[in-house]
Amino acid sequence: MKMKIKISYRIVWVSIVSLFLSSCSDFLKEEIYTQYDPTSFLQTEEGINSVLVASYSNMQVNANMRDRMYLLNEFPGDIMWEWGGSLESTAVLFMGYSWDSQSTMFSTPWQQYYESIRNTNALLDNIDKVTALSADKIKQFKAEARFIRAADYYYLWEYFGPVPLITTAAELNLEPLRATDAEFNTFLSTELQAAATDLPLTQSLWGKATKGAALALLGRFYLNTLQWQKATDLNKQVMDLNKYKLFSGDLKKYVCSSERSQRRGHSHQSCPHNTPWKQLHGARLPPKLSHPVQLAELRSHVLCIQRLGQNIRCQRQTFGMVPVHLHRNKRESAQFAGSQRCRESCPLF
Amino acid sequence: MVTATASTYSQQTKFTLNLNGVAIREVFREIEQNSKFILLYNEKELDLNHKVDVKVSDETVESILDQAFHEINFSYKIYDRQIVILAPKPGESAGNEKADVYAEQQKKSISGKVTDEKGQTLPGVSVVVKGTTIGVITDVKGVFTLSNVPENAILQFSFVGMKTQETTVLGKTILNIVLTEETVGIEEVVAVGYGTMKKSDITGSVTSVTSKDFVKGVATNALQLLSGKAAGVNISQANAEPGGTLNISVRGAGSINSSNSVLIVIDGLPGGSTANINPSDIESIEVLKDASAAAIYGTRAANGVVLITTKKGKEGVAQVSYNTYFAQQSPSYKFDLLDATQYMQMINDISKDAGKTIPYTSDQVAAAGKGTDWQNELLRNALATNHQLSLSGGTKQTKYYTSLGYLDQDGIMVSSGIKKYNVLVNLEINPSDHFNFGINLNGSMNKKDKIANESNSGGENADPLNAALMFDPRLSPVKNANGEYDKNPSIALDNPVALANGYDFREESNRIYGNSFGEYKILEGLKATIRLGTDLNNIRNDEYSDRTTMKGKASGGIGNVYSNNSKYWLMEGLINYEKSFGKHHLSLMAGSTAERFENLYQRSFATGFLSDVTNTNLLQSGNALTYQVNSAKTVYKLQSYIGRANYSFQDKYLLTATVRRDGTSRFSDKNKYAIFPSLAAGWRITEEPFMKKIPEISNLKLKFGYGRMGNEGIGNFETISTFVAGGNTVLGGAILSGAQPARIPNPELTWETTEEYNIGLDFGFFNNRISGNIEYYKKNTIDQLFSKPVPMSTGFSNIRTNFGNVENKGLDLSLTTRNLTGKVQWTSSLTVSTLKNKVVELPAYVGDIITGGIVANIPGFALVRQGFPMRAFYGYEVTGIFQATDDIAKSAQPTAKPGEPKFLDYDLNGKIDASDRVILGDPFPDLSYSINNSFSYKNFNLDIYLLGVHGIETFNANVLESMFPINFDRNIMTEHYVNRWTPQNTGTGYPSGVNSAVYFANGKMINSFTVQDASFMRIKNITLSYNVPLKNFKLIKSLTLSLSGENLLTITKFDGFDPEANQTDDGTSVAKSSYNNYPIAKVLRIGANINF
């Protein structure tokens, strides 16, 4: 009897210990709490929406309006300069053409647009695996993501010309190559056309991508790449949506009078408040701002900004700059493009 | 007659000898060498040089002795393996030599007293005539009387825990014996991780410190007990606040970007905290220093492993013991700052030299007096009391140790202190020979009242001590008529007293940890163990700044509550097998463990309260717009297989191999598991027969080991893709929250791995009067975790990868000498260790890594560069002071003025710029040492403990703030004013102080003034204890009183509260800086230890 007890103890013990020695295989699966597991997160509408939100967010290079508009566009030209003020250390790079890749003026948009591209890529990589949503919804999400990604590339193009086209987050491309003009052209055409096909005419949330936005953006790209016929056709398509009309209004209201500045005996621009001109506080304009081309350009800028100024982020989504790489060599056409651009694309949103 | 008492051994052991005309001495040596016989004789009677002839062939020892004693009539008696040689009685003829000595010899009575080394009488000692059953036990007074003892008998005294002692009674009637404690010598058993081993079998580098060798003093953290005791283990008090953090590094530091902290294992439970254990409950601490010893802990071993074993019950009657001490603590250092008069004088002088208006008139200066010493307003003498009550004992079946502990320590800075409550239960039950169950349960509650000591902006957020060092000495420390503390607006610092009292910072931690195990002996030598353990820890912090502080006033009170709730469990199964086959001995261990770590974090914050009285207890009464809430939950898991094999041959050749296969939830399926092997060999040279000829060498063991260990210092989710909240935008007129990918997952990521070689020699000479060991190690930490930049077009700026190599090498020596062993006993212990740390390889993409940043306006000072020690101090070398006679215009600093510092133009390009920075020192000591001298005489015991480090530097931000005040009206150190350069005082080494904002600008504040030598030697402890003789006192078994002094003297060139302190908290514990660190206390302590 005693022997039996001993043996059974032995068996129990050995089995307990061997239980301990064996391990269950998914014990070491990483548990995720404070972050989102993409496999489940991207299956839900909220998940997909939040990634789109972050993509929109990164598409808006914030707090840089002054820098982008005036430093980049005007300081390398002969309209503006700056000395002695707090802006000088930044402006001097552009007055002297000494900017480099470390300048946040360039590194920030480069980083942010590519972050936005990363987000949309992550979404597009995953969206075909989504089973919980209707095909229509998926189609629309896809179109929206493709629009954002194309818009990111468009804005990058405005800064840098054709840039590497990264279209998936699944593979890491550590040695990306710059796309050719043709590749870039094809990419933007295809993507924006495809997006336009699936995007709705209006969105319930103001500020989200629409069919008109996709077409107008492509139209602007054609305009800025001097593809006149295509630009005309595309913008005609926008007009034919019967949703938008050209802006009409009094421009003078928004333009600072340089005569008035002169009368006050100093070169500092005195601008009415609550106009985008207040962005120019701190920067100084030459005493005479009378050159017709300069004035026209400024007017067109202001016009654009004001029209879109209801939402400052909107401005950045829609208001294109004179591309830097065009700035010196193709100044005239760029100016033309700039004013055209405003007239054609501002009213889109 | 002889054969009747001769043992079987003497009958079985046969000799073949052919000796002609040799001394008896030689014959005896032959016998002893060729057998286990021990010969005992009286040298006064026996002429060892007497020449004899012996010729035997396969015969017993009796034949030899008969031949040897044939001429001299000596007789002998054999008791097992002992042979007693007896002189012939006068008149006795050669023919009677084999007569029974018991019957024939004169018998007598012997009495005496047995005491221990401290002179305490020992009752219950067994006194036996060797080889017989004749014997008695000493009485309560340690006295024994034995009658009928033969003249040549040997008496054996034995007592549990004491060394057995033998004495011949020759010619004596009174024998007073002093028994010595069983020395923690060669047969000591030490913990090695997942088991114990005989110390003599250990092949790795393991330092074991037992409770009697612990550093004495007020200890809130168990690591304080180890300070300086283990060569190669550097323990420094980073923050001397009661309950403040301690840094421990074992053999340098290997990781550049991850944690370098050791793994603490308490009673087999990994991951414990030395702050939550009562130091008085600790029996021993083992440090697994090298890879061959530590690799069994795999991914957590790279920075060394500290094993803590708590006290266990022993068989016997219940022992009640009460320990207490009272300690008076006082500041051991104060900065010498300017008093009010000097302060005004300083501002006047520097203003004058700078060509500015002099702000104070001489009347004002004369009237200022001494003013307020702000350090005195914050520092105080403080009391610490400690009580510990323990109960232990047990039977063969059940053994127990329980203890209650209470420590109440006020800090030497106002509004700081700790209250610590501990309870420990250790229970072991052996219901049968086969079963063994145990439970170990530890509960602790730590309540800390903390004082801010933080990296700060140097402004109104400064901590009180920082403010005190720079505050206006003319102001009063008490509130003014408006009920507010005075401030000097141009100093931009809050009043130090307001900061100390108006900012309430409390931390409470409640921790329960412990484990239970069951052990079952399946077969002889085969044992299976399971262990379940847990560690539950809640830490809550409450911070409140009331309206007496500038910050609190501006916000209407600031309340912040945050808590961490961590849970841990462990399951483990082990199988042990042990077997001897002849001269071979094998022991095997295999097992598996699974561990889960979980942490919950929560924070609530508000400002703008109705009133300060609710403190942090009613955060909802704050302004709702200021509410901040945070929460987090993190989990990770480890699952491992472990194995160890020990093999020894003839106890001479030792081999140990261990392996651990660690798997973690943190790595991808690709690299989930990693293997950490180790191999070590030992050779006990003294076990070799040829060594027996050198009795002076009592122990010699050569060890060699190699192993690989991992560093788990890596965060969750590094190898998988996750999305994190972020990227909000406005759509449809409302803010929407976004989410985006957190990182580029790198599934290839693997552990930082440390490879170590260790070679060591354990030695003991002259019966271990001199003993110790010396070890040399070299370890390389490879596959360091780095963030490798990637093209931004990926949408990320970097990816975590493995790269790089850091090397640590050094020599550890520990030496113990028993200088005097008589009435006055004197033992010295010495540890010395050297360390060389070097960054061997860095990824090309990282360039120079410069960190520091203890305060926003102080640039980085710690450099990681290939070929140099990690986090070396990097700055400008000051070569002198410009004099009016110097040709300044032609120097590298053409715009400098006389009195400004001259910097080394390292690159000789004629200007001083960032490329002139040089290595000014490093945070690793070249040499660390400790010396302990222990004296005892009668009931007195005196311990003197010294420790020090040499060849270590630190960045001293307080010196920086004095020499380079960011604000002209701040107070400075007397030295920097009195000894400053002036046109009259040109021989000094200090600059003029005029325009320091210019001459120390652009990072030049990191220079050879502010990087200081932090070498020191400290009289850490002197303890005198007295064992009160208790005669006829039944209630108390023993009473020991002690008086000790701690941190009595520190010899250093460093200017500051403590050269050991460290303010940098970058997670790697390597970079070193000093900045308003909590001052170290000088302590006077009286204590008592009573056993009932």
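In chain B, the side chains of B:Asp812 and B:Lys289 come together in a salt bridge with an N to O distance of 3.3 Å, a salt bridge being a side-chain nitrogen of Lys or Arg within 4 Å of a carboxyl oxygen of Asp or Glu. This pair joins distant parts of the chain, 523 residues apart: B:Asp812 lies in strand S43 (residues 805–821), and B:Lys289 in the loop between strand S20 (282–288) and helix H6 (291–294). Helices (H or I, at least four residues) and strands (E, at least two) are DSSP runs numbered from the N terminus. The model is predicted, so local features need pLDDT of at least 70 and side-chain atom pairs count only at pLDDT 80 or more, while totals for chains, interfaces and linings use all residues. Side-chain values use heavy atoms, leaving out hydrogens and water, residues are numbered from 1 along each chain as its sequence is written, and chains are lettered from A and ligands numbered from 1 in the order in which they are written.

Both B:Asp812 and B:Lys289 are buried, where buried means under 20% relative accessible area, exposed over 50%, and partly exposed in between (1.4 Å probe, protein chains only). The two also belong to a network of salt bridges that links B:Arg251, B:Lys289, B:Lys703, B:Glu756, B:Asp762, B:Glu775 and B:Asp812. Over all chains, the count comes to 54 salt bridges.

Another salt bridge, at 3.2 Å from N to O, is formed by the side chains of B:Lys370 and B:Asp339. Here B:Lys370 is exposed, at 63% relative accessibility, whereas B:Asp339 is buried, at 16%. In the pair B:Asp887 and B:Lys890, the closest N and O atoms are 4.0 Å apart; B:Asp887 is partly exposed at 46% and B:Lys890 exposed at 72%.

Leaving aside residues up to four places away in sequence, B:Asn541 touches several residues, among them B:Lys450, B:Phe505 and B:Tyr562, contact meaning heavy atoms within 4.5 Å.

In chain A, helix H9 (residues 211–224) packs against helix H10 (residues 228–240) at an angle of about 160°, their axes 8 Å apart. Axes are lines fitted to C-alpha atoms, for helices over the stretch in contact, and angles run from 0 to 180 degrees between N-to-C directions. H9(A) and H10(A) are therefore roughly antiparallel, a label for angles over 145 degrees.

Terms used. Angles under 35 degrees count as roughly parallel, over 145 as roughly antiparallel, 65 to 115 as roughly perpendicular and the rest as oblique.
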